[in-house]
Amino acid sequence: MNAPQLNSFVSHRLFEGSTGLYVERNPYRRPLWQQTADDLDFSRALGESEQLCYSALVAHRILLTIYETNSVLLPAQGLGTLKRDYDEFYAPAWRTMGASLRPMLERHVFGFLADAITVSGHWTRDALRAYFDRAIEDGNAAPNEVAQAIEATQHPDVAADSFLIQLALDGLTEASAMSRTLGGAYGPEQSELFKIFIDEFGYGVHEAKHSRLFENLLKSRGMLTDVHSYWSFYLTGPTAVNNYFYYVVENGHFFRYVGAVTFIESIFAKGFADTARTLQRVFGSAVDTRYCDEHAHIDKHHGRMTFEHLLLPLADKHGDEIIPELVRGLEEVRLLLRLADDDLIAQLRWADQAAAHPHAARAGLAGTNVTLARGAPFATRTFDEDRLLVMIQGELDLVISGTGSPLRVRAGEAALIARQRLHGLQAATESCTFSLESTAELRQ
Amino acid sequence: MNRLSFDRRQFNSLVVAGEPYFLLDVDGRTFLVRDRCPHRGGPLSLGRLSDDAQHIICPWHQSRITCGSLLRGAVPLVRRRDDVTVLFPLIDKDVLLRRRPPLTVPTRKEKSQ
């Protein structure tokens with residue numbers, strides 16, 4: 001059973017559907033949950049195989065919102081008419097309500113990690129070093145499956161944009177979770193982490209700040225640069241990775257954070273070099289890859305710094321007892337990165353296939369009809385099983401990616417919405433009527 | 001340090017540098033512990049759990065070895081689903097992997113039922 005405050009939280013006017021596909025120039029407004037007939041239960045821990053289900057997507061959206069009520073977000077154009085939204089987003093009572101919901105939602109989406117991963121035994125510094133060395137070596141040797149999937153689609157430009165949208169989850173607020181580990185007092189290791197943070201923040205030169213470089217990358221693609229403009233197009237898996245770093249720091253798992261950040265800093269240099277090459281192959285010289293180039297360079301240093309000057313000294317100073325937590329952080333983020341990559345690749349492939357064409361609907365399939373008016377609030381969602389969208393009257397746009405053309409479905413046509421695939425629906429005529437059939441029911 | 005990875009559905013016991021070890025699940029967590037009774041070296045993996053699930057009873061002389069003492073000397077291990085990775089200072093080429101009837105310490109929840 002869900003906490004009673006949950007409905008109050010998700011029903012707030014800030015979290016209703018947006019007027020268009022994007023949430024433009026307002027970091028407080030973010031569609032959380034289409035209030036349909038779905039009866040989502042957040043009170044139990046999802047299993048590993050359920051991590052991409054609809055309730056996980058909604059839980060991650062709510063969690064990111066709760067985490068970000070502790071970050072300062074201001075719109076680039078100034079508050080102006082958004083002052084009320086700002087006041088309500090950061091209202092103390094509102095944040096208290098979010099904080100009370102957080103443990104349940106975190107258990108729902110991160111509870112599986114305790115079962116999925118065991119770290120046991122008596123670990124030593126040598127074992128720690130050997131384990132990280134090998135994990136990093138494996139991470140850097142693995143083929144970049146996301147880059148391969150982007151280039152294999154029929155529309156690699158749309159696929160690459162979809163990838164950039166996932167990077168925007170963190171790219172426009174970069175190092176916000178890290179900033180929460182900088183307070184307190186923990187000796188030279190704290191200063192080491194601060195050096196990395198300074199790099200992320202461009203040494204106080206705004207044009208060199210990583211999030212600014214990322215804005216320039218988006219601009220070069222003609223994409224929106226405001227925080228969470230693409231809120232509705234964040235996938236579950238990438239949001240989980242982003243939220244994980246908040247989750248560990250907010251719950252006092254500092255050593256897990258260090259293990260996780262050491263691992264990602266050690267594989268990002270190669271990952272971003274791959275990304276820069278892919279973007280250049282897809283978009284040519286017009287794309288501004290300085291964000292990727294910066295990471296490809298500086299993360300070579302950050303990998304070494306986190307490992308040699310943060311992780312190992314912490315283990316030396318605080319004893320072998322903390323080593324399993326460092327290893328757990330590595331393994332947890334590695335598992336979530338795998339889920340995120342799988343989610344993105346599946347989305348790219350589905351959108352690529354769905355974009356091919358809708359097909360003629362078989363007669364007699366229509367079930368419960370839904371009517372959608374032009375201009376109705378927009379939000380995206382997933383289904384936990386395949387659904388067949390059957391158009392009965394009018395025309396509808398099945399939105400399958402953050403950029404690129406939607407799939408136009410006309411009366412008499414049908415389109416398959418694959419399980420766990422993110423999509424949105426927009427009426428393309430004054431109104432349209434359709435039904436969504438479970439393919440399991442259709443088979444019966 | 002050297003790594004050894006295996007699927008725990010296939011193997012739950014190994015011999016490294018002549019020393020036997022076995023996988024022991026305690027409270028839902030997996031450990032790799034020495035398969036040698038501290039009394040006279042009996043194979044603990046062939047023993048049985050005490051009724052209170054706190055001890056392993058050695059099949060040779062019925063010595064009661066506390067699970068806690070075994071776990072203190074456990075080998076560094078990471079389990080991801082059924083994939084197990086363990087680390088040893090040295091792994092000789094004659095490492096032996098094998099499957100024996102599993103010995104599992106029930107979870108607290110199971111104990112209370």
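Is R102(A) buried or exposed? With a relative accessibility of 16%, R102(A) counts as buried; here buried denotes under 20% relative accessible area, exposed over 50%, and partly exposed the range in between, computed with a 1.4 Å probe on protein chains only.

This is a predicted model, in which local features need pLDDT of at least 70 and side-chain atom pairs count only at pLDDT 80 or more, while totals for chains, interfaces and linings use all residues. Residues are numbered from 1 along each chain as its sequence is written, chains are lettered from A and ligands numbered from 1 in the order in which they are written, and side-chain values use heavy atoms, with hydrogens and water left out.

Helices (H or I, at least four residues) and strands (E, at least two) are DSSP runs, numbered from the N terminus. E106(A) is also buried, at 4% relative accessibility.

**Second stop: E88(A) and R13(A)**

Next, select E88(A) and R13(A), which are joined by a salt bridge whose closest N and O atoms are 3.2 Å apart. Because E88(A) lies in helix α3 (residues 83-89) of chain A and R13(A) in the loop between α1 (5-10) and α2 (54-68) of chain A, the pair ties together parts that are 75 residues apart in sequence. Over all chains, the structure holds 42 salt bridges.

Select R34(B) and E19(B), whose side chains meet in a salt bridge of 3.1 Å, N to O. R34(B) is in strand β4 (residues 29-34) of chain B and E19(B) in strand β3 (residues 19-26) of chain B, so this contact ties together parts 15 residues apart in sequence. R34(B) is partly exposed, at 42% relative accessible area, whereas E19(B) is buried at 14%.

**Last stop: a sheet in chain A**

Return to chain A and display the open sheet of four strands, ordered β4-β9-β6-β7 with antiparallel pairing. Strands pair if DSSP finds at least two bridges between them. The edge strands β4 (380-381) and β7 (407-410) of chain A each pair on one side only. Two bridges join β4(A) to the antiparallel strand β9 (residues 423-427) of chain A. Finally, select T380(A) and G424(A): the latter, in β9(A), is the bridge partner of the former.

Key. A salt bridge is a side-chain nitrogen of Lys or Arg within 4 Å of a carboxyl oxygen of Asp or Glu.
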